[in-house]
Every structure is written in structure tokens, then in C-alpha cells.
Amino acid sequence: MLEQLQPTAGDALLALMGQFRADPRPTKIDVGVGVYRDEHGRTPVMAAVKQAEQQLFNEQDTKTYVGIAGDMKFNAAMVDLVFGEKAQSLQDRVRAVQTTGGCGALRALLDLLALCKPDATVWVSDPTWVNHIPLVKAARLKLAVYPYFDKRGQAVRFNEMTECLSKLGPNDIVLLHGACHNPTGVDLNEAQWLSVAQLAAQRGFLPFIDLAYQGLGRGLDADAFGVRCMADHVPEYVVGVSCSKNFGLYRERVGSAMVVHQDAKTAQLALDNLMVVLRGNYSMPPDHGANVVARILGNEDLRKLWQDELNGMRGRINDLRRALFENFRSHLRSDEFNYIARQQGMFSMLGLSPEQVAMLRERFAIYMPPDSRTNVAGLHIDQIDYFVQAVGAVL
Ligand SMILES: Cc1ncc(COP(=O)(O)O)c(C=O)c1O
């Protein structure tokens, strides 16, 4: 049977990382892979996570299953984190389950929506995070693209985006990046979120928010603006949350799938169905990462420690953004790269052609995917001069 399978294309980013590892040049730089790096080039375990893990190690006295919905303390704490001061008033309308990372949340929610409307279309931004596409396809939903990124202006093509969304209806699902849009770093502003929420209410399409970087853009509350603003305008929407980046828990696979409905009974119905979806998939989630998050969010000292560390990560990303833009300005004597300082989160697109990206790799050992998505957090402050000169040389 297995010989019937077709060869796969392989993951281009993973292949690039293999090439990076094999490159012997000491000046090599990896701005391709999407993980946060500190000033020593490491992706460290956060101190708050270490302390929570120690507590867990000392206190855990069973390894029995956690249940299909996962850790209930984690679920409640995540609703608080995502909805902030709105969480209390939304108590009856929001339901959440623990998932295996943000991808697990996205896939579970897509499967749930496919149960509701197998012929629905999921609209993703142009461009979007590469893995959105296989996730939508795996749920057997139709895929379409709405205009989003203006490459030349490094901004949102908001008029075209709304023109497209204003033609959608109840058979459509619109996938929006909650904050720190991947790969562009260009986010909706508050007025734009509000317009999208109003359009969703008018037209009846379902907003689906992917929140993978809460706290890494403008702050924990500001990055949740979009998710919270929807609650005031639309009767129903869903949110997929990842704890990979803001808790640095990548390999522990921690996430949350949330459904919001104006009617508490329907919200509960959606939760029941979500659990059937999960049961038919991996059945029960792992415990470790979610237990750690619940301990951090549930303890004042640990929470403060985590928030300070998260603020430090965001501060480092923003310092690197400023240093990059200033260096580009002084080296190239042009304001072409000013947008880097305006954008949010780890990524920006440098607007290079695939040929220029290949030259960067061959001549300067700088690794990024062909669309020139650059993980700003992958740079060391001492590498900025070299990086800017190399980009200047291939322009
Ligand atoms: C936009 C976006 N959504 C979701 C995820 C999910 O991440 P994970 O499944 O590792 O939690 C990522 C990770 O890179 C992402 O960039």
C-alpha cells in the first residue's frame, strides 16, 4: 500500500536550516528560522518556566490522563490572559480547550468548522504564515486569499482588503493574525480591527484569529486588541492561541483553542464538539507545558517574573529593529528601510528578490527564505553592521 504514496516536496525552511548548519563560515547568520534568540544567540528556557517546572517536579504525584479538554486551570488562565478585563463578562460565551501548540489549536478549530460547514472557504492574508495553507487543506476546507500586504509601502492594503471582505458572507471564514503578522510584521491598527469586526457583523463571515505572539508586539493587552474588540461586535468567532513564543515552550506543544458565541448554550455545544474532534485525533493532550503555564499565570510572583522576561524579549526585538533601521539609513543614506522600526514582532520582509536572497547566502553566509522574511530576533547586535552591508551589496 505505502508504495502508492507520492514523493513529498519536503520543508524548504528545514532544508535551508540544514544548509546553514553545514556552512563552515564563522560569520554565518540565520535569520530564517522563526524562534526568538537572546543576546547570546540562544533560545533560553525562561526563568519563570524553570521555577514552575521545579514546582511541578516536586509536587506532581500522578501521571494519569489530564482529560480531553486538558488542564482546567490552564484553560481558565488562558481565557483571562487573552480576554483580559473582558474575561469576566464573557464567562458564559467563551469556551476553551488545551491543544498541542498553536498548530493543534488551528487544526482542531478548522476541523470543528468543517463539521459545521464542509463547503466553507477559509480566507487567508496575502501572504500568510506558510503552515496555514496545509492546515486548511488538511481540514478539507476551501482556501482563498484576501489582499493584505503592500510590499512597496510596507503597509496593509486596507482598502483592497475591506473591498474583498465586503463581498463575503456566512459561508466564509476569515483568518486574521492577532498580532505580529507572520511573515510581514505589518498589523491592523485599532481602527482597522474595528472596521473588520463591523464588516464581519454586517456580512456574517466568521473571524478566526490566530494569536501566536501575544506580548511580543506592543504588549500583552495591546496585542489582544483584535481578539477583544471582536467580542463587542460579532456574535461568534474562534481564536487559536500558541504559548510557544511568549512562554518559550516551543517543544512542549502548548496552545489553546477558543470558541466565542453570543449564546452560552451554543458555546457549550461547540466545546462538546471540539472535544469529539480532539478525541478522534490525539485523544488527550500532554500535561507538562500547560501545567507550567497554569502555574505561572496562577502565581503572582511567577507571573511577574514571566511578564518581566517577556517585556525584556519585546524590548530586545524593538532595540534590534531600531538599530537595523538606523544602520540601514546611515549606510545606504536612504529611508527605504524605515519601516523596520514601525513593524511588530519578530519578522519583517526585506523586499529582496529570490536571486538577491541567494546572493546573500552564497556571498555572505546569511540565510533567509526566498521571500526575504527576516527574523529580526535572530540577529546579534554586533552582526547588524555586517548584515546591513551585505544587504546593501546585493541591492
Ligand atoms: C502565525 C503563527 N501561527 C501559529 C503558530 C503556531 O505555533 P506552534 O504550533 O509552534 O505553537 C506559529 C508559529 O510559528 C505562527 O507563526
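Let me begin with how helix axes are drawn here: they are lines fitted to C-alpha atoms, for helices over the stretch in contact, and angles run from 0 to 180 degrees between N-to-C directions. Helices (H or I, at least four residues) and strands (E, at least two) are DSSP runs, numbered from the N terminus.

Hello everyone, and a word on the source: this is a predicted model, where local features need pLDDT of at least 70, side-chain atom pairs count only at pLDDT 80 or more, and totals for chains, interfaces and linings use all residues. Residues are numbered from 1 along each chain as its sequence is written, and side-chain values use heavy atoms, with hydrogens and water left out.

Now to helix H11. The axes of H11 and helix H12 (residues 300-332) come within 6 Å and cross at roughly 100°. Which residues meet? Arg295, Ile296 and Leu297 in H11 touch Leu302, Arg303 and Trp306 in H12, where contact means heavy atoms within 4.5 Å.

H11 (residues 288-297) has another partner, helix H2 (residues 47-59): their axes come within 9 Å and cross at roughly 110°. So H2 is roughly perpendicular to H11 too. On the H2 side the contact includes Ala48, Val49 and Leu56, and on the H11 side His288 and Asn291 are among the residues involved.

Next, the ligand. Around the ligand we find, among others, Gly101, Trp129, Asn182, Asp210, Tyr213, Ser242 and Arg253, each with a heavy atom within 4 Å of it. Let's look at some polar contacts (pairs of N or O atoms within 3.5 Å; within protein, one must be able to donate a hydrogen and the other to accept it, and residues adjacent in sequence count only if both atoms are side-chain atoms). A polar side-chain atom of Asp210 sits 2.6 Å from a ligand nitrogen. Tyr213 places a side-chain N or O atom 2.7 Å from a ligand oxygen, and Ser242 has a side-chain N or O atom 2.7 Å from an oxygen of the ligand. How much of the ligand does the protein bury? Of the 400 Å² that the ligand exposes when taken alone, 91%, with areas from the Shrake-Rupley method and a 1.4 Å probe; for residues, only the protein chains shown count as cover.

Finally, the backbone. Most peptide bonds are trans. Here, Asp126 and Pro127 are joined by a cis peptide bond, with omega about 0°, and Pro127 lies in the loop between strand S3 (121-126) and helix H6 (132-138). Another cis bond links Asn182 and Pro183, with omega about 25°.

Key. Parallel < 35°, antiparallel > 145°, perpendicular 65-115°, else oblique.
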